Amino acid sequence: MSNHPTTHIEQQSPSLYYGDFHIHIGATSEGRPVKMSGSRSLTFENIAHEAADKKGLHLIGIIDCHAPGVQKDIEDLLLAGEMTEHPDGGIRYKNTTIMLGAEIEVREGSGSAHVLCYMPSFYAMKHFSQWMSAHIRNMSLSTQRIYVDARTLQAETMSHGGLFIPAHIFTPHKSIFGSCTKEMASILDLDSVDGVELGLSADTCMAERLSELDRFSFLTNSDAHSLNKIAREYNALVLHDASFKEWSMALRDQQGCRIAANYGLNPLLGKYHRTTCLNGHLLAHEEAQQAALNPAWERSFRCLVCGSKRLVRGVHDRIEAIADRSEDLAKVASQQRPPYHYQIPLEYIPGIGSKTLEKLLAVFHTEMNVLHQATVEQLRDVIGSELAERLHAARSGEVKIQSGGGGIYGRIERG
């Protein structure tokens, strides 16, 4: 992993913190669009409120902080005293620390990939943005193509004291393994990669099929495009404090800081888990393997069910095609990792709508408390036995799931 400088932490007992490091900005406070597919309610300030007051997250990564309009919003909040800069990196709002990031598209290998670059301070983000502006056509919008090679982007990120994390590394669109290459080392400097984001359709056991990833910490993030999707996936971290420096050390398992657990959807719920045609018809195993490895076969594809000439690669099938480990060996390797907990977000659980969620938050205050602190007995007192049991099963991953694919999320079946 990259060689960022570290300093001694004044001794403070380590604690458990929750963090989601991939949240998009839909618009500036003035209503100017940033992430075109994101909700316009996703402003920098609204994200901070949602994460701190409702979700109960201690750390968040807000992407799109390279945009001039977003930087104006951040500066206004700092000048107004509503937020402050943490001395060890990040922007502090109440009990939540915000990491300033940018999702950038690089063109490498056979396709394009999204990568996440995080800066330790507002000053560093502004100067990083100044450098990027010479290589990006529209700095005001999210996830723009940068016209330098990926290693140059990595070097610039490191020069600003930043962190470089490839995003949703297996998804069929815009990812390192899903779109660009079978081996990350062919397009990136592995010593300047600080961790990898698994994405919604993969978990630790699936990622461990690739031995190249052994050296990296795994992150599970929401990639939220709306406020309610924040913390759809998240991480538990052991830190002395919620700061950029501590997060950086956790990614490298240094000075008592570490990733303690990953909380994510069962990969079956991911919308790109299995290979389908564009209309959602599942391909047979042999066809899926051909699609994962053979571009010529993919170009000649025609669905036997509906005649569609286009398909969407599944993460499961792509990993199966490029893996250098068996599933059994991957399971053994994953035991050396932090546990990966299958957990269903509250909004996904049948029967838990907005009114029920309001009842839960009125008693338990944040979603993290509902998911991690509330007992089944306490839940029964608030929402009744049936919903309490359903919620408990969902947060334990003990639910029946219909697999997703082709851009359609999987579905929880009522038990």
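**Side-chain contacts in the predicted model**

Both Y118 and W247 are buried. Please bear in mind throughout that this is a predicted model. The count of aromatic pairs comes to nine. One of them joins Y118 and W247: the ring centres lie 4.9 Å apart with the planes at 90 degrees, so the pair is edge-to-face. Y118 belongs to strand 6 (residues 111-119) and W247 to helix 7 (residues 244-251), so this contact ties together parts that are 129 residues apart in sequence. Ring pairs also bring these two into a cluster with F21 and F244.

I turn now to the charged side chains. Across the whole structure, 20 salt bridges are found. Among them is the bridge between D191 and R215, at 2.6 Å from N to O. D191 is in the loop between helix 5 and strand 8, R215 in the loop between helix 6 and strand 9, and the two are 24 residues apart. D191 is partly exposed, at 43% relative accessible area, and R215 is likewise partly exposed, at 35%.

Which residues make up a network of salt bridges? The members are E208, D214, R325 and R337. Within it, E208 meets R325, with the closest N and O atoms 3.0 Å apart, and both of these residues are buried. E208 also bridges to R337, at 2.7 Å between the closest N and O atoms.

Finally, R337 lies over the face of F218, 3.6 Å from the ring centre.

Technical notes: Residues are numbered from 1 along each chain as its sequence is written. This is a predicted model: local features need pLDDT of at least 70, side-chain atom pairs count only at pLDDT 80 or more; totals for chains, interfaces and linings use all residues. Side-chain values use heavy atoms; hydrogens and water are left out. Rings of Phe, Tyr and Trp (its six-membered ring) pair if their centres lie within 6.5 Å; planes under 30 degrees apart count as stacked, over 60 as edge-to-face and the rest as tilted. Helices (H or I, at least four residues) and strands (E, at least two) are DSSP runs, numbered from the N terminus. Buried means under 20% relative accessible area, exposed over 50%, partly exposed in between (1.4 Å probe, protein chains only). A charge sits over a ring if NZ of Lys or CZ of Arg is within 6 Å of the ring centre and within 35 degrees of the ring normal. A salt bridge is a side-chain nitrogen of Lys or Arg within 4 Å of a carboxyl oxygen of Asp or Glu.
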